[in-house]
Amino acid sequence: MASEEHESLESGQVEEEVEEPVMRRESFAALRRDHVAPRQLRVVTLNAWCLPQPWPIGSTDRVHRLEKIGQYMIEETYDIVGLQELWSYQDYVRLSEQVSSIYPYYHYFHSGFTGSGVCVFSRHPIISTLTSRYSLNGFAHHIHRGDWFGGKVVGLTEIEVDGDLRVNFYTTHLHAEYDRENDLYLPHRTAQSFELAQFVRHTARGADVVIVTGDLNMEPCDLGFRLILSHAKLFDAWRMSHEVESEDGDGELLKYRGIAKGGTCDRPDNCYSKKALRAVDDSKRIDYMLFKSGRCNVKLEECEITLNQIPGEEINYSDHVGLRARFTIDDRFRHEKSLNTWEPNRPLLIEAIGIVAGGERRARTDRIFFFVLAVICLILILGSLFFEVFPMGFAVFRFALTILGVFFVWQGLIGLTLERKALKAAKQAIQQILNN
């Protein structure tokens with residue numbers, strides 16, 4: 001062998017090495033993308049409003065409504081179902097047992113003290129899941145709100161349809177808006193919107209289909225919602241399915257409210273809406289079905305309201321209505337060519353920084369306020385030691401002041417420090433994108 005190699009070198013004939021073709025992953029993806037057969041994908045989302053606490057805190061008709069939701073899921077046989085506000089894990093277990101014959105795959109996203117309330121049911125295998133808890137989610141001492149105890153998340157389920165189609169299905173529930181004119185939680189919800197958009201951007205790469213559902217607690221004109229669409233390059237299924245007026249003029253809510261505009265909450269035809277809201281149609285569209293094409297192209301066929309009034313009864317499935325959508329997965333359609341273009345991202349990010357920075361300043365001010373309250377509690381405790389009348393009453397008084405003082409110190413030293421750092425992290429992440 002050595003002599004043969006020597007002779008070939010002397011004669012100037014060098015044997016060329018033949019490289020074997022390397023099959024790259026991208027080649028397989030492109031091949032499958034070009035030959036994927038058109039198929040339908042039916043999806044539904046609903047805020048189920050299932051607070052398990054006793055009246056008046058808990059949800060009215062919860063057990064009955066949840067059973068009817070399960071019946072609806074069985075009759076309609078969607079491919080994927082996303083639910084929010086299913087706070088009780090026992091309720092989730094009961095529902096999963098009810099629908100397991102049609103939806104054998106399901107997942108609950110555990111988080112917080114009460115549970116995130118977010119879950120997914122699927123007719124197709126769930127091959128992986130991922131939970132991302134929002135860094136900001138209200139305040140622990142706002143017990144009357146309850147958002148902090150829920151530990152709001154965005155949950156991702158990677159679903160394999162027909163053995164060769166990967167669907168990234170996201171469902172989430174953002175912090176509620178309690179007072180639009182004086183929205184204390186606006187910096188938190190803005191940070192949540194940015195985190196949601198970032199999460200979708202970074203986890204959707206490689207997916208064939210991307211669908212984002214949930215109760216975002218924002219109307220179409222709100223900054224956070226517009227930021228999600230622009231930053232994650234998502235399409236609003238309801239807007240694409242229905243003719244809407246021009247969305248110029250941020251803040252003109254009449255353009256976006258009403259049943260005809262896709263209102264999903266505070267509807268006059270919902271028995272659980274407040275009496276004042278049933279007298280006038282001021283319903284808000286805060287539940288969404290968002291989507292975009294991944295490695296395969298997605299064509300929206302329809303998006304409609306569903307799960308409103310229970311058939312044959314005078315009550316509704318929830319205090320919200322659901323959204324259902326039907327998609328065709330086909331390589332011949334591209335929504336990137338649609339007239340529904342996204343807003344420029346940079347102005348939205350700049351506005352978001354201003355809101356988050358405002359929350360950071362408020363956190364610093366609140367920190368001083370809580371420390372002052374702690375000092376006042378300490379002074380009152382020390383002062384009460386000089387009074388010897390009603391010893392039992394003053395003992396209870398001092399105990400109550402001690403509890404309050406400890407809370408004020410904890411909130412000022414720990415709670416607000418955590419909030420301020422989370423706001424600062426969100427601001428820096430946004431700034432990093434603007435710098436590039």
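**Burial and overall make-up**

I looked up burial first: 48% of the 436 residues of the protein count as buried, where buried means under 20% relative accessible area, exposed over 50% and partly exposed in between, with a 1.4 Å probe and protein chains only. The model is predicted, so I note that local features need pLDDT of at least 70, that side-chain atom pairs count only at pLDDT 80 or more, and that totals for chains, interfaces and linings use all residues. Residues are numbered from 1 along each chain as its sequence is written, and side-chain values use heavy atoms, with hydrogens and water left out.

I then listed the secondary structure and found eleven helices and twelve strands. Helices (H or I, at least four residues) and strands (E, at least two) are DSSP runs, numbered from the N terminus. For contacts, meaning heavy atoms within 4.5 Å, I noted that residues 24 or more positions apart account for 73% of those with a separation of 6 or more.

**Largest pocket**

I turned to empty space next. Rolling a probe the size of a water molecule over the atoms shows where such space is left. The search runs on a 1 Å grid over the protein atoms alone: a cavity is a set of points where a 1.4 Å probe fits but cannot get out, a pocket is an open set with protein on both sides within 12 Å along at least five of seven lines, and lining residues have an atom within 4 Å of a point. Grid points are joined across faces, edges and corners, and a volume is the space filled by probe spheres set on the points.

The largest pocket holds about 1,500 Å³ of space. I counted 43 residues in its lining, with Trp49, Glu85, Ala176, Tyr178 and Asp319 nearest the centre. Strand E1 (39-50) and helix H5 (147-150) are the elements that give two or more residues to this lining. The largest share, three residues, comes from H5. By class I have 16 nonpolar, eleven polar and 16 charged residues in the lining of the largest pocket; Ala, Val, Leu, Ile, Met, Phe, Trp, Tyr, Cys and Pro count as nonpolar, Asp, Glu, Lys and Arg as charged, and the others, Gly among them, as polar.

**Second largest cavity**

I found two cavities of 30 Å³ or more in the structure. The second largest cavity has a volume of about 40 Å³. Its lining includes Val44, Ile69, Tyr72, Leu83 and Leu307. E1, helix H3 (62-76) and strand E2 (80-86) each give two or more residues to that lining. I classed nine of the lining residues as nonpolar and two as polar, with no charged residues.

Leu307 I checked separately. Leucine 307 sits in the loop between strand E11 (298-306) and strand E12 (322-329). Its phi is near 55°, a positive value in a residue other than glycine. Leucine 307 counts as buried, because its relative accessibility is 5%.

Aspartate 61 also has a positive phi, about 55°, although it is not a glycine. Aspartate 61 lies in the loop between E1 and H3. With a relative accessible area of 35%, aspartate 61 is partly exposed.

**Arginine 39**

I went back to E1 for arginine 39, which lies in that strand. Is arginine 39 buried or exposed? Arginine 39 is buried, because its relative accessible area is 12%. Its side chain makes a polar contact (a pair of N or O atoms within 3.5 Å; within protein, one must be able to donate a hydrogen and the other to accept it, and residues adjacent in sequence count only if both atoms are side-chain atoms) with the side chain of aspartate 162, at 3.3 Å. Beyond neighbours within four places in sequence, the contacts of arginine 39 include Val161, Asp164, Phe327 and Ile329.

**Strands**

For pairing I required at least two DSSP bridges between two strands. E2 and E4 run antiparallel, joined by four bridges, and leucine 83 stands opposite cysteine 119 in E4. Strand E3 (residues 105-108) is also antiparallel to E4, over four bridges, with tyrosine 105 opposite serine 122. In a regular strand the side chains alternate between the two faces of the sheet. In strand E4 (residues 119-122), Cys119 and Phe121 point one way and Val120 and Ser122 the other, and all are buried.

I also recorded an open sheet of six strands, in the order E5-E6-E7-E8-E10-E9, with mixed pairing. Strand E5 (126-133) and strand E9 (235-236) are its edge strands, each pairing on one side only. E9 pairs with strand E10 (residues 287-293) in the antiparallel sense over two bridges, and phenylalanine 235 stands opposite phenylalanine 291 in E10.
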